[in-house]
Amino acid sequence: MTTTRDAAPAPEALRTDADLAVHLLRLGDDALVLGQRLCQWITRAPTIEEDLALSNIALDLVGHARTLLTLSGRLDGTGRTEDDLAFTRADREFTNALLTELPNGDFAVTVARQLAYTHYAVLYYEALAAGCADAELAGFGARAAKEVAFHRLHADNWTRRLGLGTPESARRMQAGLDRVWPYTAELFDEDDVLRRLAAAGTVPSPAPSRPLWEQRVSEVVTRAGLTVPEPRWQARGGRAGLHTEEFGPLVAELQSVRRQFPGGTW
Amino acid sequence: MRVPRQYVRDPGDEPPAAQDELLAHFDTLIASGETVEPRDWMPDGYRRMLLRQIAQHAHSEIIGMQPEGAWLTRAPSLHRKSVLIAKVQDEAGHGLYLYSAAETLGVDRADLLDALHRGRQRFAATFNHPALTWADTGAIAWLTDGAAVINQAPLCRTSYGPYARAMRRVCQEEAFHVRQGYDMMRALCEGTPEQKRMAQDAVDRWWLPAVALMFGPPDTEAAGAGGSDARTAALGASVSRRAIAWGIKHHTNDELRQRFVDSVVPQAERLGLTLPDPAIRWNEERGHYDFTPVDWETYRDALGDDTHWARQRIAHRRAAHEDGAWVREAAAAYAAREAVRSGTGGTGDAGDAGSTGGTGSTEESA
C-alpha cells in the first residue's frame with residue numbers, strides 16, 4: 001500500500017492502490033451492512049443478554065467498517081472519508097456480499113448468517129494479519145480477527161443450542177442454514193482485482209480459505225445435529241453492486257438523516 | 001462498627017417479641033449507616049418499597065432503550081452510530097444489574113418482566129414520549145440522562161447493599177452518556193441553522209419529561225401549596241419521608257429537581273439553546289434558579305398508561321419477548337440436557353426465562 005505521494009508514483013503502484021481501495025471497500029461494506037442489520041435487532045432480541053451481545057457485535061462491525069472505509073478512501077484518490085463513503089454513495093455503489101444484506105428473519109436466520117460470516121471473516125482477517133505487507137493493514141487484520149473470534153463463538157454456541165434445543169428450534173435452525181447457504185460462495189470469489197493483489201503479494205485472496213471454512217462450519221453444523229445445505233444455486237452480484245430488492249430500504253434508512261441535512265456537521 | 005448478623009430473613013411465625021428484636025436490629029443497621037444485605041431480616045414495607053423502586057428502575061432502562069434504539073440505523077455519522085450503539089448496550093447492561101439486584105429480594109426476573117408486560121409494574125413515564133428526530137437522541141442523553149445522574153448519584157449510598165453496588169456501576173456509565181449527549185447537542189448547535197432548529201425543537205419537547213417525570217411527583221408540601229397538586233404533594237411527602245428514614249433515598253424529589261435545574265440552565269446557555277420555561281431565572285435570595293412548578297396531575301395523565309406511546313412501548317417489549325419464546329425454550333432445553341450429560345446442575349443462558357437462571361451478575365453486583 002502506498003500512502004505517500006511525494007514523487008510521481010509508478011503506474012503499477014497506482015493500479016495496486018486502486019485495486020486495494022476496491023477490495024477494502026468490499027470488506028468495509030460487508031462489515032457496515034451486517035452491522036446495520038444487527039442494529040435492527042436491538043430492543044427486539046429474545047433476551048436482554050442477546051440485546052447486549054448483538055449490540056456488542058454490531059459495535060465491533062461498525063468499528064471495522066470505519067477503519068476499512070477510511071483506508072479505502074485514502075487509496076482511491078478521491079480523499080473521501082468513512083462518512084462520505086457510508087452516507088453519500090448510491091445503492092449500486094455498495095459492494096458488500098449479498099449474504100450480509102439478507103434480512104434478519106427469525107433469530108435462527110440471523111445465527112446462520114453470523115455463523116457463515118464469522119467463520120469466513122476470522123479466516124480472512126487472520127490471513128490478512130499474516131500475509132499483508134502493509135503494517136497498518138496487517139495490524140488491523142490481527143485486531144479484527146480477535147474480535148470476530150468472539151462473534152464466531154457466539155454463533156457456534158447458538159447454532160448448537162438451537163440445533164439441539166427443541167424440535168421447533170432445530171427445524172428453524174435448519175431453515176436458517178438453508179436460507180443463507182446459497183449466499184456463502186460469494187464471500188470467497190476471486191476476480192481480477194483480487195488476483196492482481198494476491199499475485200503482487202499486497203493482500204491474500206479469500207479463495208484458498210474456502211476448504212477450511214467448509215470443514216469448520218460443517219463440524220459446527222453436524223455437531224448441532226443439523227445438515228450442511230448443498231444449494232444448487234449460488235448467489236452473486238454484491239461485489240458488482242447488484243443487490244437484493246431489500247437492500248434499497250437499508251441504504252435509505254442508513255443515509256436518511258445525513259441526506260436531510262446537507263452540509264451538516266455531526 | 002460492624003453489627004453482628006445473627007438473623008436470617010423471613011422470621012415467619014416468630015413470636016411478637018422476636019419480631020421486635022429483629023426490627024431493633026434492622027433499625028441499628030440503618031442508623032449505623034451499614035448496608036442491609038440480602039440475608040438480613042428486613043421489614044416487609046422496606047422490602048416492598050425497594051422492590052418496587054428497583055423493578056421500576058430496571059424496567060425504565062429496558063424500555064428506555066426503545067426511543068434511542070429506533071435511531072441506531074439512522075445515526076448520521078459512523079462515530080455517532082458507534083456511540084449510540086454503546087449507549088443502548090449500556091442500558092441493557094443496567095437493566096441486567098438492576099434485575100439481579102431485585103432478584104436478591106427473592107423475586108425472579110421472568111416474573112418482573114411479566115409484571116412489566118402486563119402493566120402491573122411501571123417504568124419511567126418519560127419514555128412514553130416519542131423520539132421524533134435525530135436530535136432527540138442528544139436531548140435524551142443530555143437532559144433525561146442528566147436528570148438520571150442527579151437522581152441516581154445518591155442511590156450509590158442507598159441502604160440496600162446490592163442496589164447500592166449496582167447503582168455505582170450504573171452511575172459511572174450514565175455520567176459518560178450525559179457528556180456524549182451534551183457533545184452531540186453542541187455539534188448540532190454549531191452546525192447549519194436547520195440542525196440548530198432541530199436541536200431546539202428536541203429540547204422544547206424533552207424538557208418537561210426530564211424535569212417532571214425523571215424526578216417523580218412533587219413531594220414537599222411547599223411545592224404543592226395552594227395548587228391543585230396539594231394532595232399529590234402531601235402523599236409524595238409521606239412516601240419520601242419513609243424512604244428517607246429507611247435510607248433508601250437521601251433527598252426529596254423536589255430537592256433533586258432543583259439540583260437538576262441549577263446544573264442544566266448554565267449548560268443550555270453555553271449551547272445557545274432556550275429551555276422552554278419563561279419563569280427560569282436566577283433567584284439571588286434562594287441561591288437557586290426559579291422555574292415553573294410542574295402541573296403534575298395534568299402532565300402525568302397526558303402520558304398515562306393508555307396513551308399511544310405507553311401502549312407502543314409495552315407492545316414492542318411484548319412482541320420481542322413473545323417472538324423470542326422459542327429461543328429461550330431451546331436454550332433452557334439445551335442447558336437441561338447438558339446438565340444431565342455433565343452431571344452438574346448447570347444454568348442456562350436464557351436469562352429472561354427465569355427458570356434457567358440469570359447471567360451470574362447477581363454475585364458480581366452483590
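Which domains does the domain assignment of chain B give? Three entries come back: domain 1 (1-42), domain 2 (44-323) and domain 3 (325-365). Such bounds come from an automatic or database domain assignment. Notes on both chains follow.

1. Ground rules. This is a predicted model: local features need pLDDT of at least 70, side-chain atom pairs count only at pLDDT 80 or more, and totals for chains, interfaces and linings use all residues. Residues are numbered from 1 along each chain as its sequence is written, with chains lettered from A and ligands numbered from 1 in the order in which they are written.

2. Chain A, make-up. Chain A has ten helices and zero strands. Helices are DSSP runs of H or I with at least four residues, strands are E runs of at least two, and both are numbered from the N terminus. Read from the N terminus, the order is α-α-α-α-α-α-α-α-α-α. The radius of gyration of chain A is 19 Å, close to the 18 Å that the globule rule gives for 266 residues, so chain A is as compact as a globular protein of that length. That radius is taken over C-alpha atoms, and the rule is 2.2 Å times the number of residues to the power 0.38. Along the principal axes, the C-alpha atoms of chain A fill a box of roughly 65 × 45 × 30 Å.

3. Chain A, burial and contacts. Of its 266 residues, 52% count as buried. Buried means 20 or more other C-beta atoms within 10 Å of the residue's own; exposed means 12 or fewer; partly exposed lies in between; C-beta atoms are placed from the backbone. Among contacts in chain A with a separation of 6 or more, 74% join residues 24 or more positions apart. A contact needs C-beta atoms, placed from the backbone, within 7 Å.

4. Helix packing in chain A. Two packed helices are described by the angle between their axes and the distance between the axes. Helix α1 (residues 11-39) and helix α8 (residues 192-199) of chain A pack at about 115 degrees, with axes 9 Å apart. Axes are lines fitted to C-alpha atoms, for helices over the stretch in contact, and angles run from 0 to 180 degrees between N-to-C directions. The crossing of α1(A) and α8(A) is left-handed, that is, the near helix is turned anticlockwise from the far one by less than a right angle. From α1(A) come A:D19, A:L20, A:V22 and A:H23; from α8(A) come A:V193, A:L194, A:R196 and A:L197. By class, this contact has five nonpolar, one polar and two charged residues. Ala, Val, Leu, Ile, Met, Phe, Trp, Tyr, Cys and Pro count as nonpolar, Asp, Glu, Lys and Arg as charged, and the others, Gly among them, as polar.

5. A:T43. This residue sits in the loop between α1 and α2 of chain A. Is A:T43 buried or exposed? A:T43 is buried, with 25 other C-beta atoms within 10 Å.

6. Interface. Chain A gives 42 residues to the contact and chain B gives 45. On the chain A side, α1, α2 (48-75), α3 (82-88), α6 (135-164), α7 (167-180) and α10 (247-260) each supply at least two residues. The largest share, twelve residues, comes from α2(A). The side of chain A that touches chain B divides into 18 nonpolar, 14 polar and ten charged residues.

7. Chain B, overall. Chain B has 14 helices and two strands. Buried residues make up 48% of its 366 residues. For contacts with a separation of 6 or more, 70% are between residues 24 or more positions apart.

8. Domains 1 and 2 of chain B. Their centres, taken over C-alpha atoms, are 33 Å apart. Domain 1 puts six residues into the contact and domain 2 puts in ten. The domain 1 side has four nonpolar, one polar and one charged residues.

9. B:N253. It lies in helix α10 (residues 253-271) of chain B. B:N253 counts as buried, with 23 C-beta neighbours inside 10 Å. B:N253 and B:D219 are 34 residues apart in sequence but 6.0 Å apart in space, C-alpha to C-alpha. Leaving out residues up to four places away in sequence, B:N253 touches B:F215, B:G216, B:P217, B:P218, B:D219, B:G236 and B:S240.

10. B:A124. This one is in the loop between α4 (109-117) and α5 (134-152) of chain B. B:A124 is buried, with 23 other C-beta atoms within 10 Å. Beyond neighbours within four places in sequence, B:A124 is in contact with B:S60, B:L213 and B:M214.

Terms used
Contact = placed C-beta atoms within 7 Å.
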